Amino acid sequence: MFLKNCWYVAAWDHELLDGKMLARTLLEEPVLLYKSETGKVVALQDRCCHRGVPLHLGRREGDCVRCMYHGLKFDPTGKCIQIPGQEVIPAKLGVRSFPVIERDHLVWIWMGDPAKADPDQIIDFPYLRDPQWKGIPDYMHYDANWLLIVDNLSDFAHLAFVHTKTLGGSEEYAYVTKPVAIERLPRGFRVERWHMNAAPPPFHNKVLPAAEKDKPIDRRNIGHMHIPGIFFLESMFSPAGSGSEKGNREGTREYRNCQFMTPETRRTTHFFWTYLNNYEGDDHNISRSLHQSLIDGFMEDKHLIEAQQKMIDLDPNFKLQAIASDAALSHFRMVFSKLEAAERAEEATAQAAAPREPVRPHQAGFTA
Amino acid sequence: MFLKNCWYVAAWDHELLDGKMLARTLLEEPVLLYKSETGKVVALQDRCCHRGVPLHLGRREGDCVRCMYHGLKFDPTGKCIQIPGQEVIPAKLGVRSFPVIERDHLVWIWMGDPAKADPDQIIDFPYLRDPQWKGIPDYMHYDANWLLIVDNLSDFAHLAFVHTKTLGGSEEYAYVTKPVAIERLPRGFRVERWHMNAAPPPFHNKVLPAAEKDKPIDRRNIGHMHIPGIFFLESMFSPAGSGSEKGNREGTREYRNCQFMTPETRRTTHFFWTYLNNYEGDDHNISRSLHQSLIDGFMEDKHLIEAQQKMIDLDPNFKLQAIASDAALSHFRMVFSKLEAAERAEEATAQAAAPREPVRPHQAGFTA
Amino acid sequence: MFLKNCWYVAAWDHELLDGKMLARTLLEEPVLLYKSETGKVVALQDRCCHRGVPLHLGRREGDCVRCMYHGLKFDPTGKCIQIPGQEVIPAKLGVRSFPVIERDHLVWIWMGDPAKADPDQIIDFPYLRDPQWKGIPDYMHYDANWLLIVDNLSDFAHLAFVHTKTLGGSEEYAYVTKPVAIERLPRGFRVERWHMNAAPPPFHNKVLPAAEKDKPIDRRNIGHMHIPGIFFLESMFSPAGSGSEKGNREGTREYRNCQFMTPETRRTTHFFWTYLNNYEGDDHNISRSLHQSLIDGFMEDKHLIEAQQKMIDLDPNFKLQAIASDAALSHFRMVFSKLEAAERAEEATAQAAAPREPVRPHQAGFTA
């Protein structure tokens with residue numbers, strides 16, 4: 001159901017300020033996140049190995065965390081380093097820790113086999129660290145499977161009907177524009193869509209200076225989707241006919257939309273996002289207005305996508321019917337399914353080879 | 001679990017006034033109901049065939065409905081007739097439509113094989129269209145399986161204990177009256193029960209003119225229950241000893257109780273009803289008082305029946321023990337079970353013969 | 001999952017005053033409790049055998065109870081003794097009744113085979129009836145499996161971290177004290193733990209006269225746990241160094257903590273308790289203060305134990321890891337598992353030998 005051997009966004013770095021112990025469920029596993037005193041982010045299974053009390057109800061002690069039920073103390077690797085009243089600590093006693101990388105204000109986590117956690121696999125998006133590009137990082141929670149959000153972003157045609165008065169601008173968009181190009185990538189896709197000589201969409205028109213308002217623009221969007229659910233959208237809005245598509249960027253205003261979908265459970269999703277612009281300079285009201293417009297637009301998506309999830313809950317056998325504009329979506333789902341099936345097969349092989357542990361007395365009685 | 005090849009009440013016609021798009025789950029299927037411009041009621045599966053968004057979140061366009069996610073448009077037969085940005089529409093693309101008949105202010109729907117939907121199978125109850133008979137049509141929602149409501153209506157003995165102060169009148173009713181006749185019908189039953197020389201029940205006494213109040217009456221009830229859960233009750237309340245049972249209707253006041261149970265899910269029910277009288281003339285307060293008395297009585301039933309449902313949820317293996325007065329109930333359940341088993345067998349045969357569809361790329365990944 | 005052939009606490013006797021019909025689910029079975037006119041407690045299955053309506057919605061008539069759906073009347077043994085409108089009552093018609101014993105203000109119930117219900121198996125704790133020992137009996141509801149509460153009480157080490165400022169007193173307790181003795185009993189355990197020359201714990205210090213406040217004490221706790229979840233704790237708090245452990249009780253203040261865990265369902269628990277002291281005389285404020293302190297402490301446990309339950313719900317395969325202080329817990333779980341497995345085996349044998357009942361017409365149709 002989930003792909004484990006890949007990097008997911010677990011948090012924005014500002015969520016961990018001031019030693020905060022952040023409890024967050026990722027891929028149906030409870031995880032505790034905090035910054036150690038050295039400044040490195042620690043990610044531990046949020047469940048004491050002794051009796052299962054969540055560690056986020058415990059106490060941070062320097063780089064370590066202590067469970068406040070019987071006082072077991074764990075170091076940043078998850079190893080148990082103290083049991084009050086007991087001198088010898090079994091070498092293997094501890095909780096699972098997860099590889100974590102902090103980069104460009106994002107905290108990335110690897111939920112699969114730690115031996116495979118290669119930091120170079122983290123998708124680089126330099127705009128996130130370029131001071132010219134400004135935006136307000138934010139978070140939204142979805143009552144829907146993350147793939148439904150990926151689907152949503154795979155095709156801009158929905159802008160026409162879902163976001164007519166916010167991010168889209170007109171229903172016409174769906175009839176007169178088509179993807180200029182769809183590139184099928186080994187772990188995602190790249191899709192490009194132009195809308196030439198069109199009215200500026202409402203969210204953009206709002207932040208334009210008076211002289212540019214309501215002037216027709218050439219609107220070019222280039223979207224990149226990557227496994228497991230990482231989406232970057234480059235938007236170039238230029239004066240109509242100025243030849244932006246041939247390289248003339250004069251008068252062009254640009255946006256970078258960054259969205260990170262991380263499954264909380266099979267039917268809920270963490271949605272991290274920021275919407276960057278490169279022209280506000282010191283006028284932070286531009287970011288603020290764009291941020292609010294994006295929230296308005298996302299709420300329109302959320303309304304439909306959560307309703308879609310409920311329909312699928314009602315009838316899990318429902319088979320979606322593809323239309324022509326689902327080419328990118330179909331490719332992504334196929335890529336995801338293959339990777340996920342391969343991972344499950346590997347897991348099954350490993351489990352078959354592992355020795356079975358007997359039930360010991362202290363484990364007896366509870367789940368019978 | 002459900003009988004599909006039969007007519008159910010889906011709505012009162014006044015629920016569809018002014019172009020309202022009514023979303024209602026019937027037999028665990030989400031259905032969208034609306035009146036087309038020609039005045040005919042349309043019933044479509046309330047789930048876009050493309051990605052499953054509910055159509056009731058869409059927009060009516062004349063006789064058609066448009067999904068507001070990617071703009072697919074469906075005609076009243078459910079056929080997809082437009083995909084914005086795509087010229088060729090696959091011939092089979094569309095959503096299911098259901099046969100619907102509007103008759104005597106009721107909207108009847110056929111949830112099974114459309115080829116078998118014979119309008120002549122709709123039970124006729126002429127009082128529903130006779131202007132002399134007046135009442136206020138209403139709706140109630142039950143957190144209980146519809147058969148528990150059918151059970152309730154199968155035996156008037158419960159009037160004595162559940163409705164002592166509303167629809168019944170005395171506990172004595174349970175001890176001194178018995179069914180005069182029980183007729184087992186191929187798709188239901190007819191049961192008749194008399195209570196001669198009794199006080200008028202509270203709901204009836206309330207609306208009597210001063211001269212008739214508290215005078216003993218001969219009370220005769222004739223109930224008809226039909227598959228799947230359609231109940232008509234004819235009540236004749238005559239001056240005690242006036243010989244109403246031999247045909248003398250002088251001084252008799254009559255009621256027609258119409259109740260329609262339609263499963264929403266296996267544990268919730270739509271309950272449509274109206275309580276008709278033939279004597280109010282222009283005094284609408286009589287309908288209004290009877291309407292309120294019936295709601296009071298139904299709330300007494302609902303309280304017990306929903307508690308009964310919770311007990312069955314706790315222990316699905318609970319076996320109900322029949323008593324003598326369950327003869328009608330037992331017959332109805334047996335009839336229902338046979339019809340339902342026959343339908344399931346037919347369905348299984350059809351499914352075994354149908355070719356298996358392969359999973360296509362755009363369907364992959366979600367439910368794995 | 002549950003051990004049935006043993007005595008459970010179903011209620012405090014004050015809960016049944018004034019003819020109250022108490023509906024309480026025990027071991028996932030709905031039970032109706034009431035005091036008959038002769039003063040004996042009656043416990044019946046809280047579900048009419050006819051159509052499953054809860055009997056607690058009915059009416060007590062002397063020692064009997066009448067279902068208010070169709071009027072069936074049941075005597076204190078559960079036998080149906082009246083069906084309004086029906087002369088012959090089937091001999092076997094009725095609801096299950098449960099053996100009940102009222103003793104020392106507790107109502108004990110036997111949920112298993114009545115033939116095995118031996119009152120001598122009820123654990124005797126004479127302090128519950130000794131007028132010198134005073135306390136305020138109370139009840140708390142847990143959203144957790146009862147074994148997690150048993151676990152909690154199996155080891156006083158948790159006092160140090162969970163109850164530092166209420167029942168414990170210091171984290172030091174976990175480091176410097178150990179069980180003096182652990183006795184493994186055939187149906188439970190006895191554990192003893194001393195903390196010599198320590199500050200009086202906050203709940204105790206609060207009720208001490210000024211002259212004794214903050215004076216060091218020798219603190220001795222002896223706990224007894226019995227199947228299925230019955231816990232008595234004897235506490236002796238003596239002036240430090242006074243030789244209480246050698247029999248000198250001068251200046252010793254004592255407590256008796258009585259706790260009774262009864263499963264409501266597999267994940268919720270009824271928790272009955274009282275905290276007795278032998279020295280308050282006529283100063284009831286001592287009981288009141290101790291009662292409040294204990295509630296404060298129990299809320300600390302409840303917070304952790306319910307979080308623990310949620311973690312186990314998330315991953316039912318989670319295997320608890322034992323530490324040295326889990327010796328008593330491990331023994332209890334093993335004893336419980338053996339008893340429970342033996343009971344299930346016996347039940348399976350009985351079921352295999354029992355004849356299968358056919359589905360009769362009135363039972364048809366509902367659960368299909």
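P228(B) sits in the loop that links β14 (217–226) to β15 (230–239) in chain B. Helices (H or I, at least four residues) and strands (E, at least two) are DSSP runs, numbered from the N terminus. The model is predicted, so local features need pLDDT of at least 70 and side-chain atom pairs count only at pLDDT 80 or more, while totals for chains, interfaces and linings use all residues. Residues are numbered from 1 along each chain as its sequence is written, chains are lettered from A and ligands numbered from 1 in the order in which they are written, and side-chain values use heavy atoms, with hydrogens and water left out.

The peptide bond between I227(B) and P228(B) is cis, and its omega is near 0 degrees. Chain A also has a cis peptide bond, from I227(A) to P228(A), with omega at about 5 degrees. P228(A) belongs to the loop between β14 (217–226) and β15 (230–239) of chain A.

Two further loop residues concern the backbone angle phi. L27(B) has a phi near 50 degrees, a positive value in a residue other than glycine. The residue lies in the loop between β2 (22–26) and β3 (29–35) of chain B. L27(B) counts as buried, at 7% relative accessibility. Buried stands for under 20% relative accessible area, exposed for over 50%, and partly exposed for values in between (1.4 Å probe, protein chains only). D214(C) has a phi near 65 degrees, again positive in a residue other than glycine. Its place is the loop between α5 (202–207) and β14 (217–226) of chain C. D214(C) counts as exposed, with 57% relative accessibility.

Chain A was then described as a whole. The chain holds seven helices and 17 strands. Its C-alpha trace spans about 75 × 50 × 35 Å along the principal axes. Of the 368 residues in chain A, 56% are buried. The accessible surface of the chain comes to about 15100 Å², and carbon and sulfur atoms hold 54% of that surface. These areas come from the Shrake-Rupley method with a 1.4 Å probe; for residues, only the protein chains shown count as cover. Among contacts in chain A (heavy atoms within 4.5 Å) with a separation of 6 or more, 57% are between residues 24 or more positions apart. Chain A carries 44 positive and 49 negative charges, and their mean positions are 3 Å apart. Lys and Arg count as positive and Asp and Glu as negative; His and the chain ends are not counted. Each charge is placed at NZ of Lys, CZ of Arg, CG of Asp or CD of Glu.

The chains were next compared by superposition. Two copies of a chain are related by a rotation about an axis and a shift along it. Chain A is superposed on chain C by a rotation of 120 degrees with 0.0 Å of shift along the axis, at an RMSD of 0.0 Å. The two copies are therefore related as by a three-fold rotation axis. Superposition is by least squares on the C-alpha atoms of residues with pLDDT of at least 70 in both copies. D313(A) comes closest to the rotation axis among the residues of chain A, at 12 Å (C-alpha).

Chains A and C meet at Q86(A). This residue lies in the loop between β8 (80–82) and β9 (100–103) of chain A. Q86(A) is buried, with a relative accessible area of 18%. Beyond its neighbours within four places in sequence, Q86(A) contacts I323(C), A324(C) and S325(C). A polar atom of the Q86(A) side chain lies 2.8 Å from the backbone nitrogen of A324(C).

S325(C) is in the loop between α6 (285–314) and α7 (327–353) of chain C. It is partly exposed, at 26% relative accessible area. Outside four places in sequence, S325(C) contacts Q86(A) and D155(C). The side chains of S325(C) and D155(C) are joined by a polar contact of 2.9 Å. A polar contact is a pair of N or O atoms within 3.5 Å; within protein, one must be able to donate a hydrogen and the other to accept it, and residues adjacent in sequence count only if both atoms are side-chain atoms.
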